[in-house]
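Please prepare a short briefing on the model shown below, grouped by topic and with the cut-offs stated for each term.

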Amino acid sequence: MRTVPNMLHDAADIYEQRNKIYGDNYKRFGSVMEALFKNVVMPAKPDADHWNRIGLLVQMVGKFTRYVENFERGGHSDSLDDLAVYTMMLQEVDGILNARNIMKERGK
């Protein structure tokens, strides 16, 4: 049976491996999100649609910053593949939201 110290040691190993690839991109993430949302007015009580969209954007920004962290080494193809998928997922969610808004406008 694995003990807490064993699990923490394994987690530290994973961190060190990933940090060699992604660097400290997680420390820049907030600044990127702040810049992206600088002029966006969020509703006082975001609904599930807003959270779904924000969740996907968070995933996309994470993949984007990981790619940039590896820019001088030729990028990070896994991040680009993931980014493409998250982009299509966001497009689907946006389409659902837009269709729902059209239905509301029509009173249905």
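**Surface patch, core and a buried threonine**

Val4, Met7 and Leu8 form a nonpolar surface patch of about 290 Å², where patch residues have over 30% relative accessible area and no salt bridge, and nonpolar side chains (Val, Leu, Ile, Met, Phe, Trp, Tyr) are joined within 5 Å. The areas come from the Shrake-Rupley method with a 1.4 Å probe, with only the protein chains shown counting as cover, and a salt bridge places a side-chain nitrogen of Lys or Arg within 4 Å of a carboxyl oxygen of Asp or Glu.

This is a predicted model, in which local features need pLDDT of at least 70 and side-chain atom pairs count only at pLDDT 80 or more, while totals for chains, interfaces and linings use all residues. Residues are numbered from 1 along each chain as its sequence is written, and side-chain values use heavy atoms, with hydrogens and water left out.

**Nonpolar core**
- The largest nonpolar core has 6 residues, Leu56, Met60, Leu83, Tyr86, Leu90 and Val93, a core being a set of buried Ala, Val, Leu, Ile, Met, Phe, Trp, Tyr and Cys residues joined through side-chain atoms within 4.5 Å.
- Helix H3 (48-69) and helix H4 (77-105) each supply at least two residues of this core, and H4 gives the most, with 4 residues.
- Val93 touches Asn52, Arg53 and Leu56, not counting residues up to four places away in sequence, with contact meaning heavy atoms within 4.5 Å.

**Thr65**
- Thr65, in helix H3, counts as buried because its relative accessibility is 9%, where buried means under 20% relative accessible area (1.4 Å probe, protein chains only).
- The side chain of Thr65 reaches the backbone oxygen of Gly62 at 3.1 Å, and Thr65 also touches Asn25 and Val32, not counting residues up to four places away in sequence.

Key: Buried means under 20% relative accessible area, exposed over 50%, partly exposed in between (1.4 Å probe, protein chains only). Patches are made of residues with over 30% relative accessible area and no salt bridge: like charges are joined within 9 Å, nonpolar side chains (Val, Leu, Ile, Met, Phe, Trp, Tyr) within 5 Å. A polar contact is a pair of N or O atoms within 3.5 Å; within protein, one must be able to donate a hydrogen and the other to accept it, and residues adjacent in sequence count only if both atoms are side-chain atoms.
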